[in-house]
Amino acid sequence: MYFPDAIPQFRAYDPARVVRGKAMADHLRFAMCYWHTMRATGADPFGAPTMRREWEREADPLRRARDTMDAAFELMGKLGIKFWTFHDRDIAPEGETFAESVRNLEQLVRYAETKQKESGIRPLWGTANLFSNPRYMSGAATNPDPHVFAYAAAQVKHALEATHALGGAGYVFWGGREGYETLLNTEMQREREQYARFLRMAAEHAKSIGFKGQLYIEPKPKEPTVHQYDSDAEACLNFLREFGLLPLLKLNIETNHATLAGHTMVHELRVAREAGALGSIDANVGDELLGWDTDQFLIDERATTAIMLEVLRMGGFTTGGLNFDAKVRRQSVDPMDLVHAHMGSMDAFALGLVAAAAIVGDGKLDAIVRDRYVAWGGGIGMKVLAGEATLSDCEKYVLKAGEPAVRSGQQELIENLVAESVRSAV
Ligand SMILES: [Mn+2]
């Protein structure tokens, strides 16, 4: 046992509570992320690891990996979390050779299968670490050297197969180093074409092994590279459309990546949702004063309400969910800090769900928005949308109708409505 037997009570999260006809657990589909929760050491660019982790004690890397997996499933069991997310190298150590790495991964996948059978937990999605090893310093799929491309492709083959073996609901691509440090040494369009080819090859392999999970691409504008090709939701959609990949991939949107892109999380979710491409969410937040990817647990109910409003408006998650791509702070060295972190965010999302459901349920916000656009349902608006009006027709209309009325956007009224729903939920 790595975590205390007695953990605190949830304040708001009640997995069985029905909200808008569906249990909270099915609305929220929480996932524990393996890399931050189990493997983060607390090291930062200025200092050594700080975390006290009993599961990292064993000298033998494979035994250590099994202990870590025991701890992961113990924590998920105690929190009542039914999904997990992982990179290949989080669960199994990289070997001396590619073949040894594959054997290590296969061993830990078999171990995970037994843990999953005991618990009913399964992956929300899997992915491959194509950024930590120095071979990937100039990119994986976008590397100038096809040898590196081939290595990354071979690694993704096995990561897809591992995710499939574990019954994963999805698989994520994110371009940790798929970008550039300087354009002086970079052929950008060539690298984008390489990346598109890589994604297509991966999708073809997923299909060939019978993997039915959803494939996702995760936008992030920068860090570690100066610019990443999957920089935000709109850039990703443009990229997927340019290369005919939109039918194959949806987006996995992360809160703090949105911030780094200079957008709100809601903007990114809205862009993805309205393109029919919102798949899953990496739930976290940055620090406004630091401005880098701090991956903190999100406990702000106003933010979770805004997120859950978008999720409800898309009709809920299908394959996706809320993945806690978040880590405890460097000074939060105890395993119990992981418990508090997850519980705080789970409660915040439960409250956000209740508040968002109330906003959708009472219909006041929707009525105000509907009313703003109501004139498009007839007259000149309808003709324009139907392609039946020319600029001259518009001129004729204006000469007759005169000056348009100035109308309030009612932002403060709307903000008060939303704030009231959040306060009522809390
Ligand atoms: Mn993420």
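Helices, as named in these legends, are DSSP runs of H or I with at least four residues, numbered from the N terminus. Everything shown here belongs to a predicted model.

**View 1. Tryptophan 376 and its nonpolar surroundings on the surface.** Let us start with the loop between helix 13 (364-372) and helix 14 (379-385), which is where tryptophan 376 is found. Its relative accessible area is 42%, so tryptophan 376 is partly exposed. Together with Val369, Tyr373, Val384 and Leu385, Trp376 forms a nonpolar patch on the surface. The accessible area of this patch is about 500 Å² in total.

View 2. Which residues coordinate the manganese ion? They are Glu218 and Glu254, each through OE, and Asp282 and Asp325, each through OD, at 2.0 to 2.3 Å. Along the sequence, the spacing of these donor residues reads E-x35-E-x27-D-x42-D. Glutamate 218 sits in the loop between strand 8 (214-217) and strand 9 (227-228), while glutamate 254 belongs to strand 10 (residues 249-254), so the pair ties together parts that are 36 residues apart in sequence. Both glutamate 218 and glutamate 254 are buried.

**View 3. Strand 5 beside strand 4.** Here strand 4 (residues 83-87) and strand 5 run parallel, joined by five bridges. Look for histidine 87, which stands opposite threonine 127 in strand 5. Is strand 5 (residues 122-127) largely enclosed or largely open? Five of its six residues are buried, so strand 5 is largely enclosed by the rest of the structure.

View 4. The whole structure holds 17 aromatic pairs. One of them joins phenylalanine 30 and phenylalanine 324, stacked with 5.2 Å centre to centre and 20° between the planes. Phenylalanine 30 comes from strand 3 (residues 30-33) and phenylalanine 324 from strand 12 (residues 322-324), so this contact ties together parts that are 294 residues apart in sequence. Phenylalanine 30 and phenylalanine 324 are both buried.

View 5. Phenylalanine 297 is buried, with a relative accessible area of 11%, and phenylalanine 324 is buried at 0%.

Methods:
Residues are numbered from 1 along each chain as its sequence is written. This is a predicted model: local features need pLDDT of at least 70, side-chain atom pairs count only at pLDDT 80 or more; totals for chains, interfaces and linings use all residues. Side-chain values use heavy atoms; hydrogens and water are left out. Donors are N, O and S atoms within 2.8 Å of the metal (3.2 Å for Na, K and Ca); water is not among the atoms, so sites may look incomplete. Helices (H or I, at least four residues) and strands (E, at least two) are DSSP runs, numbered from the N terminus. Buried means under 20% relative accessible area, exposed over 50%, partly exposed in between (1.4 Å probe, protein chains only). Two strands pair if DSSP finds at least two bridges between them. Patches are made of residues with over 30% relative accessible area and no salt bridge: like charges are joined within 9 Å, nonpolar side chains (Val, Leu, Ile, Met, Phe, Trp, Tyr) within 5 Å. Accessible areas come from the Shrake-Rupley method with a 1.4 Å probe; for residues, only the protein chains shown count as cover. A salt bridge is a side-chain nitrogen of Lys or Arg within 4 Å of a carboxyl oxygen of Asp or Glu. Rings of Phe, Tyr and Trp (its six-membered ring) pair if their centres lie within 6.5 Å; planes under 30 degrees apart count as stacked, over 60 as edge-to-face and the rest as tilted.
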